[in-house]
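Reader: I'm new to this one and would like to learn how to read it. Could you show me the model and take me through a few features?

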Amino acid sequence: MSGSPESTSLFRRADAARFGLLSTFVLFVGVTWLSLWGVEYVHINSLPIPRYWKGILYHAVCAALWVGLIWRFAPHVLVRMKTRVPLRRLLGAGFVIFFFVSPNFRNATWSGNSILFILSALLFSLFIGLNEDLLSRGFFYGILETYGMWTSVIVSSVQFGMLHLTNFYWGGQSFDYTAGQMVNAAAFGFLCCALMIFTGSIWVPIVFHGLSDFPLMMQSEVAFKAQVTGGADWLGTLVEAGLMIVVALVLISSRGLWFASRTQKLLRSMDLID
């Protein structure tokens with residue numbers, strides 16, 4: 001989608017009748033609360049299954065919930081759940097993903113881990129991406145599109161970064177490390193939005209997210225704890241965040257008109273616009 005007046009009015013005409021600013025705010029705050037605390041009422045941790053499968057089930061339940069909310073409140077987002085992406089766009093996105101995830105893959109701890117453990121860690125990471133991207137790049141981005149693409153990109157990305165503040169209060173992380181993580185996550189969310197816009201598919205940022213988290217799952221508990229309780233590498237964080245934002249801007253600028261036209265066709269087929 002483009003940030004042009006034409007594409008902005010496209011979503012306003014389709015959604016303004018259903019969502020005003022107050023309604024959007026209430027949905028935004030309510031689903032944020034649901035994602036942080038509400039899902040805990042399902043009591044997945046009390047199930048008699050291994051901890052690993054509890055984690056997978058938790059992310060699967062969340063993902064199903066976000067799809068339901070998307071279907072109810074932002075059905076135009078469903079077009080991005082397609083799996084077919086033009087080859088040229090897919091290759092471009094693949095290059096960006098490789099560029100950003102390969103350094104972490106090189107630094108991951110591979111020795112001493114079985115093939116089964118590695119595959120399990122990859123599966124768990126992909127479910128994290130499924131959960132968090134359907135929420136941030138799916139639902140939150142979708143309900144904000146009424147107010148324009150850039151509002152959607154910026155607000156959903158900043159919120160995605162701020163959600164990581166919970167790692168300081170309940171995740172045992174130091175505040176300095178968490179602050180750096182929030183900056184990095186906001187820029188990461190910005191790039192994920194750009195990949196979704198560039199390809200027209202939410203599955204691309206989901207895979208990117210999963211592959212980005214995967215090397216962290218390969219760390220030992222001791223190494224991970226030492227990392228998150230220490231300080232942030234602010235120079236590295238700011239350089240990486242800046243690079244992600246620059247790449248995102250390039251992706252968005254090269255994709256906007258195509259995605260706006262596809263979205264317009266979808267909304268017409270749903271009789272949401274003339």
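Reader: Which residues form one aromatic cluster?
Author: Trp 37, Phe 168, Tyr 169, Trp 170 and Phe 175 make up one aromatic cluster. Rings of Phe, Tyr and Trp (its six-membered ring) pair if their centres lie within 6.5 Å; planes under 30 degrees apart are stacked, over 60 edge-to-face, and the rest tilted. Bear in mind that this is a predicted model, where local features need pLDDT of at least 70, side-chain atom pairs count only at pLDDT 80 or more, and totals for chains, interfaces and linings use all residues. Residues are numbered from 1 along each chain as its sequence is written, and side-chain values use heavy atoms, with hydrogens and water left out.

Reader: How many aromatic pairs does the structure hold?
Author: A pair of aromatic rings is described by the distance of the centres and the angle of the planes. Here there are 15 aromatic pairs. One of them is tilted: Phe 28 with Phe 140, 4.8 Å centre to centre and 50° between the planes. Phe 28 is in helix H2 (residues 21-36) and Phe 140 in helix H5 (residues 115-144), so this pair ties together parts 112 residues apart in sequence. Helices here are DSSP runs (H or I, at least four residues), numbered from the N terminus.

Reader: Are Phe 28 and Phe 140 buried or exposed?
Author: Both are buried. Buried means under 20% relative accessible area, exposed over 50%, and partly exposed in between (1.4 Å probe, protein chains only). Now look at Tyr 52 and Trp 53, an edge-to-face pair with 5.1 Å centre to centre and 80° between the planes. Tyr 52 is partly exposed at 26% relative accessibility, and Trp 53 is partly exposed at 44%.

Reader: What about charges? How many salt bridges does a search of the whole structure find?
Author: Look for a side-chain nitrogen of Lys or Arg within 4 Å of a carboxyl oxygen of Asp or Glu. The search finds two such salt bridges. One joins Glu 145 and Arg 80, at 2.6 Å from N to O. Glu 145 is in the loop between H5 and helix H6 (149-163), while Arg 80 is in the loop between helix H3 (51-73) and helix H4 (87-107), 65 residues apart. Both Glu 145 and Arg 80 are buried.

Reader: And which residue forms a salt bridge with Asp 133?
Author: That's Arg 137, with the closest N and O atoms 2.9 Å apart. Asp 133 and Arg 137 are four residues apart in helix H5, so about one helical turn separates them. Asp 133 is buried at 0% relative accessible area, and Arg 137 is buried at 0% too. The charged end of Arg 137 also sits over the ring of Phe 160, 4.3 Å from its centre. For that call, NZ of Lys or CZ of Arg must be within 6 Å of the ring centre and within 35 degrees of the ring normal.

Reader: Where do the buried residues of H11 fall, seen down its axis?
Author: An α-helix has 3.6 residues a turn, so residues three or four places apart point the same way. In H11 (residues 234-253), the buried residues include Thr 237, Ala 241, Met 244 and Ala 248. The buried residues fall within an arc of 135° (taken from the directions from the helix axis to the C-beta atoms), so they line one face of the helix. On the other side, Leu 235, Val 239, Val 250 and Ser 253 are exposed.

Key
Helices (H or I, at least four residues) and strands (E, at least two) are DSSP runs, numbered from the N terminus.
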